[in-house]
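Please look through the sequence and the model below before reading on.

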Amino acid sequence: MTTIDPRFPLPPGSTVGIIGGGQLGRMAALAAARLGYRVHVFTPEQDSPAAQVSAAATVADYGDETAIAAFARSVDVVTFEFENIPADSVRLMASLVPVRPGWNVLETAQDRIDEKQFFNDLGIATAPWRAVTSAAELATALTEIGRPAVLKTARMGYDGKGQVRIDETTDPAEAWAALGTGLDGGGRGILEGFIDFLGEISVIIARGTDGAWAAFDPAWNVHRHHILDTSTIPAPISAATAAQAIDIARRAAEALNVVGLLAVEMFVTPTGLLVNEMAPRPHNSGHWTMDACLTDQFEQFIRAVCGLPLGSAARHSNAVMTNLIGADADCWREILADPDARLHLYGKAEARPGRKMGHVNRLYPLGSTAPKQ
């Protein structure tokens with residue numbers, strides 16, 4: 001059960017602290033402003049996307065304890081737009097101000113090994129995996145998992161970073177050396193078996209201080225160069241599969257006692273669903289909700305961490321969300337000329353290959369089929 005804090009719900013005019021200055025923080029800050037809250041972001045980045053739309057910004061290193069303490073004392077609640085924050089910094093914040101979701105959630109989501117074990121302990125299936133700490137352990141794991149497989153850092157890494165594909169000819173020692181130890185929290189990796197999957201879906205679920213929850217419809221996700229390209233709603237899956245996916249997300253959120261959002265990515269296979277990974281925050285695959293739902297994922301996020309009642313996650317339109325990567329954002333004029341398109345840019349000054357510059361949502365009537373993008 002979630003413990004009720006007498007300081008919540010936070011009244012309008014309160015200040016929400018957001019760790020991280022990226023686009024997820026930016027869109028959360030805009031949602032908070034609609035509900036009458038101020039936002040104070042903490043980020044090492046000057047002129048960050050989130051700071052551009054927030055009432056205040058602390059620009060400091062995530063390990064700066066003096067800045068962390070001052071930041072925590074200036075806000076009424078703290079939440080995160082990404083998970084990779086030093087543990088000591090989070091514990092310091094939590095000693096001074098409510099932190100949502102709690103550290104146990106971040107601790108599990110930060111580490112791929114802990115994450116896989118968490119789901120398996122709940123009886124939820126994942127791809128076959130083994131923890132590895134050396135080239136020798138990797139070689140042994142490959143005999144158990146088989147090839148092809150993918151070797152990932154246990155910590156950090158995103159959008160295809162921090163991972164090495166292993167095929168029939170790959171030397172385990174070379175794969176381990178290629179992975180390196182700079183991103184993995186001390187030489188720990190995870191080997192995952194390849195899955196014969198039909199596609200990937202994700203479910204984003206909100207959970208409030210009272211344990212109430214609301215889930216958005218599963219999105220069908222397609223990646224390009226290891227980066228999410230499109231999310232299509234409704235996903236081309238059965239009603240039973242959609243219900244199973246939502247149930248998996250609910251069970252995970254309740255087991256972690258999440259207050260906020262939890263996004264769970266899953267592979268759709270011929271024999272059922274396999275969980276890939278989770279993120280306790282707003283998620284790229286939920287950006288479609290900004291224009292197709294009664295309450296979008298960012299407003300749900302703010303409602304949950306501030307102790308407000310959750311809004312309706314009902315969908316009023318079908319949608320396709322397309323990420324604008326690098327130079328894709330140069331087409332903003334053409335996008336704005338499309339009456340069915342809703343453009344969202346993130347305020348980033350420089351477009352680089354692989355950098356998410358914005359996204360566009362295209363809406364279609366319920367019951368219709370979206371044209372191919």
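## A hairpin and its neighbours

Strand S11 (residues 219-224) and strand S12 (residues 227-233) pair in the antiparallel sense over five bridges, where two strands count as paired if DSSP finds at least two bridges between them. Strands here are DSSP runs of E with at least two residues, helices are runs of H or I with at least four residues, and both are numbered from the N terminus. This is a predicted model, in which local features need pLDDT of at least 70 and side-chain atom pairs count only at pLDDT 80 or more, while totals for chains, interfaces and linings use all residues. Residues are numbered from 1 along each chain as its sequence is written, and side-chain values use heavy atoms, with hydrogens and water left out.

S11 and S12 form a hairpin with two residues between them, and His225 in the turn has a positive phi of about 55°. Within this pairing, Asn221 has Ser231 of S12 as its bridge partner, and Arg224 stands opposite Ile227 in S12. S11 is also joined by three bridges to strand S9 (residues 199-207), with the two running antiparallel, and there Ser202 has Ala219 of S11 as its bridge partner. S12, in turn, pairs with strand S15 (residues 318-325) in the antiparallel sense over four bridges, with Thr232 opposite Val320 in S15. Six of the seven residues of S12 are buried, so S12 is largely enclosed by the rest of the structure; buried means under 20% relative accessible area, exposed means over 50%, and partly exposed lies in between, with a 1.4 Å probe and protein chains only.

## A four-stranded sheet

An open sheet of four strands has the order S5-S8-S6-S7, with antiparallel pairing. Strand S5 (129-132) and strand S7 (163-166) stand at the edges with a single partner strand each, so that one side of each is left without a neighbour in the sheet. On average, and with direction ignored, neighbouring strands of this sheet are turned by 20° against each other.

S5 pairs with strand S8 (residues 189-193) in the antiparallel sense over four bridges, and Trp129 has Glu192 in S8 as its bridge partner. Helix H6 (residues 135-145) packs on the sheet and touches S5, strand S6 (149-153), S7 and S8, while its direction makes about 170° with that of S5. Contact means heavy atoms within 4.5 Å; axes are lines fitted to C-alpha atoms, for helices over the stretch in contact, and angles run from 0 to 180 degrees between N-to-C directions.

## Two helices side by side

The axes of helix H3 (residues 87-94) and helix H4 (residues 103-110) come within 11 Å and cross at roughly 165°. H3 and H4 are therefore roughly antiparallel to each other, a label for angles over 145 degrees, whereas angles under 35 count as roughly parallel, 65 to 115 as roughly perpendicular and the rest as oblique. Ala87, Val90 and Arg91 in H3 meet Trp103, Leu106 and Glu107 in H4.

## Two loop residues

Phe82 has its place in the loop between strand S4 (77-80) and H3, and at 23% relative accessibility it counts as partly exposed. Leaving out residues up to four places away in sequence, Phe82 touches Ile19, Gly20, Tyr62 and Arg281.

Ser54 lies in the loop between strand S2 (38-43) and strand S3 (56-59), and at 16% relative accessibility Ser54 counts as buried. With residues up to four places away in sequence again left out, Ser54 touches Ala29, Val39 and Val41.
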